[in-house]
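Q: Could you walk me through reading charged side-chain pairs, beginning with a general idea and then turning to the case at hand?

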Amino acid sequence: MVKRYAVILAAGQGTRMKSKLYKVLHPVMGRPMVQHVIDQVKAVQLDDMVTIVGFGADKVVEKIGDASKFVVQEEQLGTGHAVQQAEEILNGKDGTTIVVCGDTPLITDETYQALFNHHEKEGAKATILTTEVLNPTGYGRVIRNESGEVERIVEHKDASVQELRVNEINTGTYCFDNKALFEALKEVSNDNAQGEYYLPDVIEILRNKREKVSAFLTPNFEETLGINDRVALAQAEQVMKKRINEKHMRNGVTIIDPDNTYIGPDVTIEQDVLIHPGTIINGESTIKTNAEIGPHTEISNCMIGEETVIKQSVANDSQIGDRVKIGPFAHIRPEASIGNEVKIGNFVEVKKSSLGDKSKVSHLSYIGDADVGSNVNIGCGTITVNYDGKNKFLTTIEDDAFIGCNSNLIAPVTVGKGSYVAAGSTITKNVPEDSLSVARARQTNKEGYASKIKNRK
Ligand code: UD1
Ligand code: CA
C-alpha cells in the first residue's frame, strides 16, 4: 500500500470574513468549518496529518485537539509557503500527500477517496481536484492545452480576459507525490498580483520538468465551495443543512419543511420521528422513535424519549423521558431530568430539577433546583423560591403531592408524600407527609360594604 498523508491549510487570516474569529473556526451547522474538513479527510485511511495554523491560533489547536499534528506558519505568505511548513514532518517520505484548504468544508470523504484513487491509478506526480461552475469569480482557473492536458493554474487576480472565461476551477484540493511536492515548492516564487507563494504554481513547475500532472474533475461542484466571506458561509450552511436533513429523511425521519429545519451534524434521530417547521436541533442530541418536535422548537444537547411531543419550546442540556408532553411555550433549562409521561404546559420554566414519572406542571410555573417525585400535580402559577439573592436552595416535593395554584415554596423546604398545599399558600416550613398545609390570610367578608364605598361623597 502507498502511504498517505494530509496537509490541511488553515493559517489564512480570512480578511474577507471581516471577523475577529479565525476564518476556519466559523461554524457551518454548528461545527467549525476546519473540523468538517478534518473529519472527512480522516475518513480516508491516512498515515499522518498536519494542519498548518497561523500565529496565535490556540483556539484552532484547542478545537481540533489530537486529531492532527500542527505546524505554525508565522507569516501568511501564501498557500505554497503554508505547505512548505509541513516539510519538517513529511520531508523525504515516500507516498501520496493530499493538500486540502480548511475553508472548503463541504467536500466529502467519497470525493477525497476518488481523488486518491485517480491519482494513484494515473501514476501522476500531481492531481488537481477540479470542477466546472457557472460563476468562477475568485477561483483559480485550470488552463489546459489543445490536447486537454492541464498546463497550469492561473489565479483570478492574475488571469487574462480570455483566462477569466474558463469555467473549470481549482477547488484547492490536490494529491501530490510527497517528495516531488517539496522539491517543486522550492522553486515557487511570489512574482504575481498578490505577492504570495502560490501552491498551484507547483503544477506548472512539475509540467516543465515533464512530470505527469493530472486533473480529477468532480461533477459535485456544490461540494467544492470555498468560504471566503459570509455570503459563501450562508451558502455552505444551506448545502450542509440539506445534506443532513436528507440523511435523516432517508433513515425514516419525517421533516415537513426541510428548508426551515436545522439539524446539527452530531444529532441522532430515530425512525418515525416527526419534525415540524422552524425546528432547530443541535449539539449531541438524541431524539427517540415516534417523538414529535416543533413547530418552532429549539433543542440543544438533549435526550428526548419515545413518543414525546414538544411544541414551540426551548430545551437545553436535559434528559426528557418517554411520552412526555411539553409546550407550547415552555423553557427546559440545563440539567433538567424529566421522567416518563410528564406534562409541562405553557409558560413553565424548569431548571436543574428532576420531575418523576407522571407528574404535571401544566401552566405558568417556575421549577428551579427542585426534586419533584412522581405523580405530583403542581398547580398553575407555582414558584419554587430557590434564591435569596446570594445562594440557591433545594425544594423537595415528594410523590403524589398536590400543590395548589399560586403557591410559593420558599426553599429549602420539603412537601411530604401525598400532602396538599392549599392554593395561594406561601410555604416556609416543611410539610409532613399526608397533611394539608394552608399558609395564607383568612378571608373576611364585610357584607353590604361595597355599596357603602360607592355611595361615598
Ligand atoms: C485558493 C487557490 C485557488 C482556488 C481556491 C479554492 C491559491 C493561491 N489559490 O484561493 O486557486 O481556486 O483556493 O477555494 O492557493 N492559507 C494558509 N496560509 C497562507 C494563505 C492561505 O494557511 O499563507 C490557507 C487559508 O487559511 C485557506 C487556504 O489556505 O484555508 C486557501 O487560502 P485562500 O486565501 O482562501 O485562497 P483562495 O484565494 O480562496
Ligand atoms: Ca479560499
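Q: Is Glu-168 buried or exposed?

A: This is a predicted model, in which local features need pLDDT of at least 70, side-chain atom pairs count only at pLDDT 80 or more, and totals for chains, interfaces and linings use all residues. Residues are numbered from 1 along each chain as its sequence is written, chains are lettered from A and ligands numbered from 1 in the order in which they are written, and side-chain values use heavy atoms, with hydrogens and water left out. Glu-168 is buried, at a relative accessible area of 7% (buried is under 20%, exposed over 50%, partly exposed in between, with a 1.4 Å probe and protein chains only).

Q: With which side chain does Glu-168 meet in a salt bridge?

A: Side chains of opposite charge can pair when their charged atoms come close. Here Glu-168 meets Arg-144 at 2.8 Å, N to O, a salt bridge being a side-chain nitrogen of Lys or Arg within 4 Å of a carboxyl oxygen of Asp or Glu. Because Arg-144 lies in strand 8 (residues 141–144) and Glu-168 in strand 10 (residues 168–177), the pair ties together parts 24 residues apart in sequence; helices (H or I, at least four residues) and strands (E, at least two) are DSSP runs, numbered from the N terminus. Arg-144, at 34% relative accessibility, is partly exposed.

Q: How many salt bridges does the structure hold?

A: The structure holds 21 salt bridges, among them the one between Glu-183 and Lys-186, at 3.4 Å from N to O. Glu-183 is partly exposed at 45%, whereas Lys-186 is exposed at 52%.
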